[in-house]
Amino acid sequence: MSGQSFHLKLKQTQQLNQTMQQSLRVLQMSGIELEREVDDWLQDNPLLERGETPEAPLEQNTVSATVGSRNKISGDEAEDIWATIAEEEDFIGYLHKQVCEHPLTQIEAARVHILIDFLDEQGYLTDSIPEVIDHCPLEWMLDEDEMREALDHLQTFDPPGVGAASLTESLLLQLQRLPASPARQCAAKIVHMHLDDLSKSVQQNIAKLKKHFPDYNTAVIQSALDMVAQLNPFPAYGFASAEPTSYIQPDVIIKEDKDGKWVVQSNEAAWPRIQINRELTDALKEESGVDSVWREKIQEARQKVDSLELRKSTVLRLAEYIVEKQEDFFVFGEIGLTPMLLKDAAQELDVAESTVSRAVNQKYLSCPRGLFALRYFFTHAVSADESGEGVSQGAVKAMLAQLIAGENKKKPYSDEAISSLLRQQGVDIARRTVAKYREALGIPPASHRKG
């Protein structure tokens, strides 16, 4: 019988104190969430009170994503409509709920949750797995193979086609859910090879496809075309957005000063203003036997005020970094975007990458070009030269849109031609990448753009 042995092992760990945890949680919140949080603070702690609000908010301070000034409703009619909206299922929330319904380990479920949050409004995952990893904190230690496995799991969720990188992939994923048949096999070939060639005329499509697929008779091709027509091009179609009527108040406003420099201004109207009630605090200090509960309330009030100040300071510093690095965007628009990663900002600001990730979450800036999420400015390089410098996805999409806008409508550019033209401008991307970006911009294929 072997004897027992004991070993001492030193291990260095880093734990966040309660104050820092609260500051990070506050930093993560959107403006609307923070307002609700501050309301709870005021109800819970009588030592906190509202500060003076600005006399007039800065211009461009509120933007509605859906409802304009016309056709406004109020009263009972408005209440009925809001009740209806509240019952609608949010697409992203619907996917998050499904995670627990699948046989996943805790870490596998966490990876799927990450991918869900990267889906666009149509239900596509337009970022590649390496791009997703680049935009996540380093301390998460995400692995490409494991994230691809998580994507495989996500693509089994409902609605069919979710998590695809393109329209073609989404349709193929949907077809895989249907019973095997010659028509399904033919439909998959149509989607994979001839989707861009389909026209509005069913008879023309059948005649064209019979030449490509001589092994299928007319009835099978007809059934395959009907099958394709019934597929959903956008997996998120039919779901409500997370905030169906989204009123966004920018956290910062970018302006050009008289010297032509872009400057960052805080939109004070967007920041909750609270302060410690000095009269009540001073009165408590004068009392000789103050209950420990009140001492905790005083400390808690200071922590909450400090967490708001830290949130504001971090977002403003980040906005200044964005303006410095993306100056060409404010001058030339989307085509001026340069590649920029969260880890680069974290290194420049001397903070953790997770802090930057929280700071860009649901924070917005307003500028002469419109309203933009801070996360919009963080984009991966599509192609890089020997120096490591590349072109951002946003800039490539803008270049693609410009090429198509200026094309001969009688002879529009094919995806291969666009790839060649972009290559001449120093952007080396494949035809399938051009197709993916074109679909993301909602631009139809060349066969459908012909005038």
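Biologist: What is the phi of Gln-362?

Modeller: Phi of Gln-362 is near 55°, a positive value in a residue other than glycine. The residue is partly exposed, with a relative accessible area of 32%. Now look at Asp-350, which also has a positive phi, of about 60°, and is not a glycine. You will find Asp-350 in the loop between α15 (342–349) and α16 (353–359). Asp-350 is exposed, because its relative accessible area is 71% and the cut-off for exposed is over 50%.

Biologist: Which residues does the cis peptide bond join?

Modeller: That bond joins Asp-158 and Pro-159, with omega at about 0°. Pro-159 lies in the loop between α7 and α8 (167–176).

Biologist: How should I read confidence?

Modeller: Where pLDDT is low, the predicted coordinates should not be read in detail. Here the mean pLDDT of the protein chain is 78, and 81% of its residues reach 70 or more. Confidence is highest in helix α7 (residues 144–154), at a mean of 93, and lowest in strand β2 (residues 63–64), at 36. Also be careful with residues 11–16, where pLDDT stays under 50 and the model has 2 contacts beyond four places in sequence. Residues 384–388 stay under 50 too, again with 2 such contacts.

Biologist: Now the sheet, please. In what order do its 4 strands come?

Modeller: First the general idea: strands of a sheet pair through backbone hydrogen bonds, either parallel or antiparallel. In this open sheet the order is β5-β4-β7-β8, with mixed pairing. The edge strands, β5 (262–266) and β8 (370–373), each pair on one side only. From one strand to the next, the twist averages 25°.

Biologist: How many bridges join β4 to β5?

Modeller: There are 5 bridges between β4 (residues 252–256) and β5, and these strands run antiparallel. To see one of the partners, find Ile-254, whose bridge partner in β5 is Val-264. Then look for helix α13 (residues 292–325), which lies across β4 and β5 and runs at about 165° to β5.

Biologist: Is Thr-314 of that helix buried or exposed?

Modeller: Thr-314, which lies in α13, is buried, with a relative accessible area of 13%. Its side chain reaches the backbone oxygen of Leu-310 at 2.8 Å. Not counting residues up to four places away in sequence, Thr-314 touches Leu-27, Thr-355 and Ala-359.

Biologist: And how do I read a nonpolar core?

Modeller: In soluble globular proteins, nonpolar side chains tend to be buried together. The largest nonpolar core in this model has 29 residues, and those with the most contacts inside it include Ile-254, Leu-318 and Phe-378. Two or more residues come from each of β4, α13, α14 (327–332), α15, α16 and β7. Helix α13 gives the largest share, 7 residues.

Biologist: Which residues does Phe-378 touch?

Modeller: Leaving out residues up to four places away in sequence, Phe-378 touches a list of residues that includes His-135, Leu-318, Ile-322, Met-340 and Val-356. Apart from this core lies another, of 24 residues, among them Phe-91, Phe-118, Met-147 and Leu-151.

Notes. Residues numbered from 1 in each chain as written. Predicted model: local features only at pLDDT ≥ 70, side-chain atom pairs only at ≥ 80, totals over all residues. Heavy atoms only, no water. Pairing = 2+ DSSP bridges. Axes fitted to C-alpha atoms, helices over the stretch in contact; angles between N-to-C directions. Contact = heavy atoms within 4.5 Å. pLDDT = per-residue confidence, 0-100. Buried < 20%, exposed > 50% of the residue type's maximum accessible area, 1.4 Å probe, protein only. Polar contact = N/O pair within 3.5 Å; in protein donor to acceptor, adjacent residues only side chain to side chain. Core = buried A, V, L, I, M, F, W, Y, C linked by side-chain atoms within 4.5 Å.
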